[in-house]
Amino acid sequence: MPESIDDHVVRRLRTWPERGDARVPVPDPEALLAYFDAQLQSRHLDLAIRWLQAQGEAFYTIGSAGHESNAAVAMALRPTDPALLHYRSGGFYAARAAQVSGSTAIDDVLNGALASTSDPISGGRHKVFGHPGLNVIPQTSTIGSHLPRAFGLAFAMGRAPRSAVVPPWPLDSVVVCSFGDASANHSTAVGALNASAYCAHQGAPLPILYVCEDNGIGISTRSPAGWVERALTSWPGLQYAAADGTRPVELLATAARLVDRVRAERRPAILHLRTVRFMGHAGSDAEIAYRSTREIEDDYARDPVLATAGALIDAGVLTGDEAFARYEDARARVMQRAKALAGARRLHEAAVIAEPITARRSRQDVVADPARRQATFAGRLPEDDGPMTLAQSINAALKDALAAHPEALVFGEDVGRKGGVYGVTRGLRKAHGAARVFDTLLDEQTILGTALGSALAGFLPIPEIQYLAYLHNAEDQLRGEAATLRFFSAGQYENGMVVRVAGLAYQKGFGGHFHNDNSVAVLRDIPGLVLAVPSHPDSAPQLLRECLALAGEGRVCVYLEPIALYHQRDLQDGDAAWTAGYAAPAPWPAEAGSELGRVRTHGDGRDVLLVTFGNGVRMSLRAAAQLAEGGIGCTVLDLQWLSPLPHEELLRTAAGFERVVVVDETRQSGGVSESVITALVDGGHTGRLVRVTSADSFIPLGPAADHVLLSEELITEVVRRIAG
């Protein structure tokens, strides 16, 4: 077995040769000592956490050993600069905490590993580097997935000086985002770097420093020699600098120079920081299985802790004995706290664990003043404009939202100049300007990342995903990033937003899977995410306003718009029943409670209740009209909310019916109807329950689609069968 890194450091420091009279001066000895102390604290925290794990007390052992040189980055920044950190950022965290009086970095990190309720960021929910007092925003350990958010935050900070938003950080802040060399290959990292280069090419302000901590290996897979440098230097407009953890004085200078440049020029940069990894990927990783003893021990020569000790000894700032004493003093301080904190109180109630996900606050509805509304609509208010289609009502509601919320932004592919593929954002750019309504590059991960970061900066993002099928290559930005932020920060950070998605099926003349996707399971499986589906212009504006109010509470909302209903005007030929007058926004009465969880019902038939949503509402109403001619009376219930399901109102309405048919345009497997039926059964409904769905198939092009999609004929057939 190889010598442990701790034993190696102790042996080297104890036997370090004295320099004699020859000295290698350093520019700032005090700064180098502070850097060394941050490194030592980080190293001994890793060792202490491994000890705690052996006692059955610690549960997260991905460490920072070998990466302690990232402390130099923290020292180059201000403690008010927002940081989105790699999971090997112990050195950075220690150095950042040293810049803020009263910080308790040792306890912070230990409590995180202990899953203690005293963890100041997650409250025992996960081990993350984060602290609002240190401006460290907690990130998940998903590979590279925080880079789009970091890009979005820098993008928002670049726009903030010309907006109505006052971010929680100084306007001249630099956003810092660190990641590993293996993560540099991930699509989220590539997308964020590409978006940064895209903005730099156009001269858009983007004050971000990316730090690639390159230890040369991702778990057991080596990065090819020279690949990371080649990849990082390929991005046009991104200033690149390289530094090595074994050369601490040069590293400190390089980091300071790069940060100063980003701060002054508001342009992105990359620091390629060469590091080394000690003690494997994590506590469970036996790296001796894929690395030789010699290979592991040869890496000890690149230890950044010993490199800094050597620089201090060579400069005459410390002797070898003093460096060793400092190392052991750090051990004693960390171990004293580790022993004291062992046996920590941990979360033990499901409701408490999940509380940050769905916690509500007092809503504050914002309505634009009359003069602003008049200006927004050029003197012609939508409520005076006659009946509207679904697309027109959403368009008017978006204009109203932008007028009422100066912090709101609408962005996505083709939403600006073109006004959206279906015209839903038409006129918004003219009414509210290109700074608030703008087109993005064609990358859904970047669109959502822009929303994530903008929300952190104080904006109210309303991004558009052009088609539901396009969401799936980016949904982890909602699942792994947006929806988890309140969970990992115990509600101390949040990113409220309303993601508009055009989707579902039944388009005529523009078919095929990618423009008619009917799969929403991935959205319904994200804890805390709110999924709303408008079906009629009468209710769509209020549904959108409720999502905006929820976003103001920090919730992540998806507003799924049925494309096939955008321009529909009729229920039956020529009746204009799928249009409605526009209801001007007004403060939501406190006694009315929340629109979240409310359903809408149509008709008063008592034979069968049709439970549905989206396109299913119109199909069910048309089917109900046919069934009524045969003497079968139906009531149609529009769920409106697919996540969370409106259990209470669903059960209350269904209680009055002996027969319930769930009309579900999504697929038979994994579709919405599975959860609706389950809710009814769990709620004790004793009547007959049947569901009718689309087939388990992708949606083909042309008339073939009719053979896999739910239809009015299928609805009437099923209802007649159970009502007979």
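Trainee: How many disulfides does the count come to, and what makes a pair of cysteines qualify?

Mentor: The count comes to zero disulfides, where a disulfide is a pair of cysteine sulfur atoms within 2.5 Å. This is a predicted model, in which local features need pLDDT of at least 70 and side-chain atom pairs count only at pLDDT 80 or more, whereas totals for chains, interfaces and linings use all residues. Residues are numbered from 1 along each chain as its sequence is written, and side-chain values use heavy atoms, with hydrogens and water left out.

Trainee: What makes cysteine 177 and cysteine 547 buried or exposed?

Mentor: Buried means under 20% relative accessible area, exposed means over 50%, and partly exposed lies in between (1.4 Å probe, protein chains only). Cysteine 177 has a relative accessibility of 0% and therefore counts as buried, and cysteine 547, with a relative accessible area of 0%, is buried too.

Trainee: Which class does tryptophan 51 fall into, and why?

Mentor: Its relative accessibility is 31%, so tryptophan 51 counts as partly exposed. Tryptophan 51 has its place in helix H2 (residues 29–54), where helices (H or I, at least four residues) and strands (E, at least two) are DSSP runs numbered from the N terminus. Not counting residues up to four places away in sequence, tryptophan 51 touches Met335 and Lys339, contact meaning heavy atoms within 4.5 Å.

Trainee: Why is helix H4 called largely enclosed?

Mentor: Eight of the nine residues of H4 (residues 90–98) are buried, so the rest of the structure largely encloses this helix. Phe92, Tyr93 and Arg96 are among them, and the buried residues pack against elements including H2, helix H3 (71–76) and helix H5 (105–113).

Trainee: What makes S7 and S8 a strand pair, and in which sense do they run?

Mentor: Two strands pair if DSSP finds at least two bridges between them; strand S7 (residues 239–244) and strand S8 (residues 269–274) have six bridges, in the parallel sense. Alanine 243 stands opposite leucine 273 in S8. The chain crosses from S7 through helix H9 (residues 248–265) to S8 in a right-handed β-α-β crossover, a name that applies if, with the strands pointing away from the viewer, the path from the first strand over the helix to the second runs clockwise.

Trainee: Why do S2 and S7 count as edge strands?

Mentor: The open sheet of six strands has the order S2-S1-S3-S4-S8-S7, with parallel pairing. Strand S2 (136–137) and S7 each have a single partner strand, so one side of each is left without a neighbour in the sheet. Elsewhere in this sheet, S3 (residues 175–180) and S4 (residues 208–214) run parallel and are joined by six bridges, with cysteine 177 having tyrosine 210 as its bridge partner in S4.

Trainee: What makes arginine 159 a charge over the ring of phenylalanine 438?

Mentor: A charge sits over a ring if NZ of Lys or CZ of Arg is within 6 Å of the ring centre and within 35 degrees of the ring normal. The charged end of arginine 159 is 4.3 Å from the centre of the phenylalanine 438 ring and sits over it, while lysine 127 lies over the face of phenylalanine 129, at 3.7 Å from the ring centre.
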